[in-house]
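Keep the viewer open as you read.

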Amino acid sequence: MRSGNLFCALPLESVIETLRSPPVTVIAGAPGWVQGVAVIRGATVVVVDLGILLGAGSAELKQARVVTLRVGARVVGLAVESIVGVRDFERTMLAEVPPLLLQAHPEVLTAIGLLDGELMLVLDGSRIITEDELARLENS
């Protein structure tokens, strides 16, 4: 998936589905990386902008896709600019995250690698947002 100038990957087991961005309602006082909430399959889902979360800028809302992920007992939508596809790759293609990058996003970034000559960030979808943050957003 792409967001801004970032090329990212998620383990398939953390993904529920991908879809076109539904209408999103802004939540007053939410962190800047939270676009708001959307109704997906009859449930209210917090939508997180991956580009803002990782410092690459906002996804274009009209062209955005949403990847739904399971975070604990909840579902979170991850807004991205595009979905590149599903690819298998060997774990040997991945490297540990350099210490400097770990300081930026230790909770989300699990590995880096090259795919088709492009730097790829491997993310832990279950840790995109903490359950405490989700509960706080849902109660605001």
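This is a predicted model: local features need pLDDT of at least 70, side-chain atom pairs count only at pLDDT 80 or more; totals for chains, interfaces and linings use all residues.

Residues are numbered from 1 along each chain as its sequence is written, and side-chain values use heavy atoms, with hydrogens and water left out.

**The overall build**

The protein has three helices and 10 strands; here helices (H or I, at least four residues) and strands (E, at least two) are DSSP runs, numbered from the N terminus. Along the sequence they come in the pattern β-β-β-β-β-α-β-β-β-α-β-β-α. Of the 140 residues, 42% count as buried, where buried means under 20% relative accessible area, exposed over 50% and partly exposed in between (1.4 Å probe, protein chains only). Among contacts (heavy atoms within 4.5 Å) with a separation of 6 or more, 54% link residues 24 or more positions apart.

**The sheet and the strand pairs**

Five strands make an open sheet with mixed pairing, in the order β3-β6-β7-β5-β4. Strands pair if DSSP finds at least two bridges between them. β3 and β4 each have a single partner strand and stand at the edges, so one side of each has no neighbour in the sheet. A few pairs from the model, with one bridge partner for each:

| Strand pair | Sense | Bridges | Facing residues |
|---|---|---|---|
| β4 and β5 | antiparallel | six | Ile40 and Ala43 |
| β9 and β10 | antiparallel | six | Ile112 and Leu121 |
| β2 and β10 | parallel | two | Ala9 and Val122 |

In the table, β10 pairs with β9 in the antiparallel sense and with β2 in the parallel sense. The hairpin of β9 and β10 has two residues between the strands, and Asp116 takes a positive phi near 55° there.

**The core**

Which residues of the largest nonpolar core touch the most other members? They are Met1, Cys8, Val48, Leu50, Leu78 and Leu123, out of 27 residues in that core. A nonpolar core is a set of buried Ala, Val, Leu, Ile, Met, Phe, Trp, Tyr and Cys residues joined through side-chain atoms within 4.5 Å. Elements that each supply at least two residues of this core include β2 (6-9), α1 (50-53), β9 (109-115) and β10 (118-123).

**Two residues to look up**

Val47 sits in strand β5 and is buried, with a relative accessible area of 0%. Its C-alpha atom is 5.5 Å from that of Gly36, 11 residues away along the chain. Not counting residues up to four places away in sequence, Val47 also touches others, among them Val24, Trp33, Ala38, Gly77 and Ala79.

The side chains of Glu17 and Arg41 are joined by a polar contact of 2.7 Å. Such a contact is a pair of N or O atoms within 3.5 Å; within protein, one must be able to donate a hydrogen and the other to accept it, and residues adjacent in sequence count only if both atoms are side-chain atoms. Beyond four places in sequence, Glu17 is in contact with Ile40, Arg41, Val66, Val67 and Thr68.
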